[in-house]
Amino acid sequence: MERIQGIAVSPGIVIGPAFVVGEAEKHVPHRTVPERERAAEVVRFDDAVAAALDELQGLRDQTAAGLGDEAAKIFEFHIGLLRDPSLLEPIRIRIREDGLNAERSAANRFEELAAQFEGLGSDVFRQKANDVVDLERRVLDKLMGESSSRLAKLRDPAVLIGHELTPSEAAAIDRHRILAFATDLGGRTSHTSIVARALDLPAVVGCGRLSERVEDGDLVIVDGDSGTVILRPDADTVQSHRELDRRHRQYRASLRADASMVSETLDGTAVALLGNIEFPEEIPAVLANGGAGVGLYRTEFLFLTSPTEPTEEDHYEAYRRAMELLDGRPLTVRTLDLGADKYTQRRAEEPERNPFLGLRSIRYCLHHLPLFKTQLRAILRASALGPLKVMFPLISNVMELRQARMILNDVIEELEEENLPFRADLPVGMMIEVPSAALMSKTFAREVSFFSIGTNDLIQYTLAVDRGNERVAGLYSGANPAVLQLIKSVVRSGRRESIDVSICGELAGEALYTMLLLGMGVRTFSMAPGQIPEIKRIIRQVDLAQCERLARRVGSYESDRQVLNALRDELRRIAPDSTGGWTGE
Ligand code: PEP
Ligand code: MG
């Protein structure tokens, strides 16, 4: 039995067999292929070899043109090896006869060959051994590059263990076959974590070298409440976690039972509780959990789940479907927030050195106008169907906002010319996710209909802490007084101009912060659907004056420790069963 401590990102406890989608660099999965699937596995291997050969020929030609034939010889050697039946045939035989999966069979054979070269003693041959390792990586990359396609082959429900899932891999997860997931990398607000909460799957991230220590089929426990992953647990541990799981379910069921109650404080202050969604299919979960609409639709997931750019009709169909499912309730559509961790750098034309400070989000859209306009047309057309709002992410200066609005106006003119219906008074808002926007919120408040504070990015940029880096996760805190001061000033600016200010970052769904945010004046919260019931219960148990007192007291603190202690004490008094969100903080 081995216990690994990671970061708890989505609650719940699951005990089940592991299914490893390791990073090609590090982990070579080992699995037995059933007899009827072996022929297809050989084809998969041959396809990978063919793709690797293609790539090598391209590299050879490119090198020959740039550096001359001599330099290109290295690739000749690789190509020759990869065409050599004495290398390939034993791999096919291992797959066909022993049922060993393609990755493992190939890795074994390449390792054998590298050892042979190494054993020959001379430097020349040792260099050849390196070439073999290099070639092995290339073939394995081709085999494992698309872990999502391996995922598609998963039959029985399992716990997904990975190095790091890309958002598109996470988005492709079938919630009926994946019981929970745990990854080596990641933080509380990395997009895989957000997807885990959206899918209501227990998850732990930032587990170090977890994926190297697990094999397919190992029994694992993922405890999304405490952030632990237990490998090959003994019978007593399985038993105690079953009991914990039972208690957890009971608590969640009691919360769900109250989900339809009105969302207001003891003194009758109404608070809007909305859901964050990545796909329209999550809307029934928002409503079942007592949400009054959608406060953040992360439309970039539409882009990420498809290999091609979505057309105007793809966008429109998604928004139309969302409006239909909401049946008259409000929908806030955020324009594409691509880039950084939500745009695989593999797909970017030119990988950026610092993608979080690069051409992401609204900046990306303003540089790719046809893509932006396509989406805006679809949003406008869908606005004719019901109470839809639009908001721009990551605005960092006023010109950017004005430019985005100008493009929206161009699209409006186009629709008018085409006689297509849209809502003339469409509310246009912006997200506050960058300190510069928070500091200039007084100016911005005069230019938009609403603010939505994206605390995930706001914390990251205020504290200079990568939201997805487990090594600095301890520094990432919404309780940092600098972050709280920015939130307070944004709420104040919004109030002064009588515009709505909502919170749609993960902080909105953490019970620990509910009273503080209420006390600061926030009246709209948007969060993962599964978190709505707990936040509603807290809202129904507090008095606004009590929250305002807490906010004043916390406002004078200098460290996040002090803030957290105060919030914890207060929460314990009103909701002793709550863990304060999934983090246990
Ligand atoms: C945020 O940054 O808080 C936010 C809601 O946007 P996302 O998590 O999608 O970046
Ligand atoms: Mg954001």
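## Shell around ligand 1

Ligand 1 is surrounded by 16 residues, the closest being Arg-298, Glu-433, Gly-454, Asn-456 and Arg-467; a residue is near a molecule if one of its heavy atoms lies within 4 Å of it. The model is predicted: local features need pLDDT of at least 70 and side-chain atom pairs count only at pLDDT 80 or more, while totals for chains, interfaces and linings use all residues. Residues are numbered from 1 along each chain as its sequence is written, chains are lettered from A and ligands numbered from 1 in the order in which they are written, and side-chain values use heavy atoms, with hydrogens and water left out.

An oxygen atom of ligand 1 lies 2.7 Å from a polar backbone atom of Asn-456. For Thr-455, a backbone N or O atom is 3.1 Å from an oxygen atom of the ligand, and for Arg-467 a polar side-chain atom is 2.8 Å from an oxygen atom of the ligand. Of the 290 Å² of accessible area that ligand 1 has on its own, the protein covers 100% (Shrake-Rupley method, 1.4 Å probe). Two or more residues of the shell come from each of helix 8 (191-198), strand 10 (294-298) and helix 19; helix 19 gives the most, with three residues. Helices (H or I, at least four residues) and strands (E, at least two) are DSSP runs, numbered from the N terminus.

## Magnesium site

Glu-433 (OE) and Asp-457 (OD) coordinate the magnesium ion, ligand 2, at 2.0 Å. Donors are N, O and S atoms within 2.8 Å of the metal (3.2 Å for Na, K and Ca); water is not among the atoms, so sites may look incomplete. The pair links distant parts of the chain, 24 residues apart: Glu-433 lies in the loop between strand 13 (428-432) and helix 17 (435-439), and Asp-457 in helix 19 (residues 455-463).

Glu-433 is buried, at a relative accessible area of 2%, and Asp-457 is likewise buried at 2%. Buried means under 20% relative accessible area, exposed over 50%, and partly exposed in between (1.4 Å probe, protein chains only).

## Nonpolar cores

The largest nonpolar core has 99 residues, and Phe-451 and Ile-487 have the most contacts inside it. Such a core is a set of buried Ala, Val, Leu, Ile, Met, Phe, Trp, Tyr and Cys residues joined through side-chain atoms within 4.5 Å. Helix 21 (residues 511-520) gives the most to this core, with eight residues. Apart from it lies another core, of 30 residues, including Leu-82 and Val-132.

Key. Polar contact = N/O pair within 3.5 Å; in protein donor to acceptor, adjacent residues only side chain to side chain.
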